[in-house]
Amino acid sequence: MSAIANPAIPAAPGVPGTVVVPPPPRHLSMTESINEFANQIDPPGGVSIMTGGQFYWTNRLYDALYAKYTSLPATEKSAYAAYCTAHPKNVAAASTSTLDGDFNLLGNAVFGRDQALYSALLTQISKFLAANQSATNAASLLKPAVKKGVDIYTSCWNGYFASGKVLDFGDAANAHSCNYPTMSAVYAYESGACGMTAGLMAAFFTGKKRGFSRIDPGKKKSTAKSQPSLGLRASAVRDPGLRGDVLQGVATFAKAMTQLKDLLDKGYVAYARVASGLHANDMTGGDSYEHAILLVGYDGDRFVFWDPDFSASEGFGRFESGVGVLYYDAANRRLTTARNDADLAVTGAGGKHAGRDQHRYQVGLLICK
Amino acid sequence: MKPYVVKQGDFLARLAYVHGFDADDVWANPKNQELKDTRDPNVLMPGDLLFIPDKRVQPSKPLGNGSTNAYTAAIPTVTMSLYLKSPDGAPLAAEPYEVHGVGDIIENVTQGDGLLELEVPVTIRVFQVTLPQQERSFDVHVGHLCPTDQESGTAGQLASLGYLDMPPHAGVGQIRDDFHAAVAMFQEDNDLAVTGEVDSGTRDAIDSAYRG
């Protein structure tokens, strides 16, 4: 028999009072949990926050810019081709000498963090624009960003929370934001916004953020109205071998895992700071948890999580990426994407498991949301 | 008459029984007029000053050696009324329940409007309600609801409405952040300006929701 949200109800004799009784807790499978999470944070209309993750607004800008440069006037495109023929380019061989092709490369350079290519292309196109004042459509794509990445990120999400509508960068009213310098600034911020985005989505999911309706009370995620504490901290164990640093939980780890399962059943999600395999072998302490994910459900000792860095996790169920599974190793007090000791090895490029297309995450800190 | 400082869980009927005075007489005493003007006798505030008579000396009862002596104590009761609802506001009608902690276990079902009503001896400070079909249980702390013009009263109502986890003996000062968050959530749910502060409109809305 579970207690209700507040097991201690103050009452007075002779004063009728209301007691709200939440529905009984129920365990959802990992598949059910992640589907429910996705259904909640991805509203109808193909907004796709689930797969955009922490790079959501960069993706929106990328798509809007694509629509713009592919529809540039033919006169501007032919003028660019002529300019490139007449003026040797100082750009990598990948440059196509077509205006939409080089804009495409410019967008990819942002995502690929190729600053040299980005600068070279920017210089090349800017020179063309300086020599061709009539290419106003192309020029609009390079207008300088007017805000910092963090300001754009914040205002975009706040606007969504307030209205429930996603800012359309392709709309004429937002043309001042639809340019490559803005995309570059947003990307620079979003690259480090895993924790911020995970926190926002946790609030979104549990219905605590303004502008979102509370989740159907009949469903699982209905009873989480305040944030319980959940202490789980791991300390770093230096292992300079093939595995890189491996974390081991403190003595209360098992208790925290029991609490975690109980709270997931009650409708909470858990915000986890993780050490990714990206920095295997260069950790020096217990606070090097450079990434954040959200745990949303479990089956036995397996936990399904949403990864704001959607390309870093291999997928689960109907999700080809952006979702992964953590394995709880009670004997070694570990919660990681490694299924066993052998799987702890980080041998793939960029901190990935050998033979697995995802980062090797190790949970170091958990907070229930 | 001597001053008595009200404690958490006190209400007039309980104090009258425990201290052996007539509740109506004490409440009507001019010395308690100020308290009477501001309080419901069933919803007192810890720290309130109530003037009560000196404890009555009970007449002695003769005891016979080698004989059996039987005494009956008539403990007065008070009515506790709780409307059980689901989070969407629908009453839990005809809901089976059990009440533990008031003597024999009481088994019954709620009324059509979700009302669970029972008589409780004034000496009972807490009883437990279990709802087998909901797989839920909760403790009811009798006399713990504070006046609703006080933050602690509002906090108690928010706890009952499911917005706040409030330990039975906690003051609002100990859960200040949670309290403001709960107020904000209530305001959000009820289309009020979300400030996290209890203004008069919010207080009235919470009181109205609590009283059903």
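A residue is called buried if 20 or more other C-beta atoms lie within 10 Å of its own, exposed if 12 or fewer, and partly exposed in between, with C-beta atoms placed from the backbone. This is a predicted model, in which local features need pLDDT of at least 70, side-chain atom pairs count only at pLDDT 80 or more, and totals for chains, interfaces and linings use all residues. Residues are numbered from 1 along each chain as its sequence is written, while chains are lettered from A and ligands numbered from 1 in the order in which they are written.

**View 1. A look around Asp100(A) in helix H5 (residues 99–111) of chain A.** Helices (H or I, at least four residues) and strands (E, at least two) are DSSP runs, numbered from the N terminus. Asp100(A) counts as partly exposed because it has 18 C-beta neighbours inside 10 Å. Skip the neighbours within four places in sequence, and Asp100(A) is in contact (C-beta atoms, placed from the backbone, within 7 Å) with Tyr69(A), Thr70(A), Leu72(A) and Lys77(A). Take Tyr69(A): 31 residues from Asp100(A) in sequence, yet 5.4 Å away in space, C-alpha to C-alpha.

**View 2. Where chain B meets chain A.** Chain B puts 51 residues into the contact and chain A puts in 30 residues. Among the chain B elements giving two or more residues are strand S3 (77–85) and helix H6 (200–211). S3(B) gives the most, with 8 residues.

**View 3. Strand S2 (residues 17–20) of chain A beside S3(B).** The two strands run parallel, joined by 4 bridges; pairing takes at least two DSSP bridges. Here Val19(A) stands opposite Leu84(B).

Conventions. Contact = placed C-beta atoms within 7 Å.
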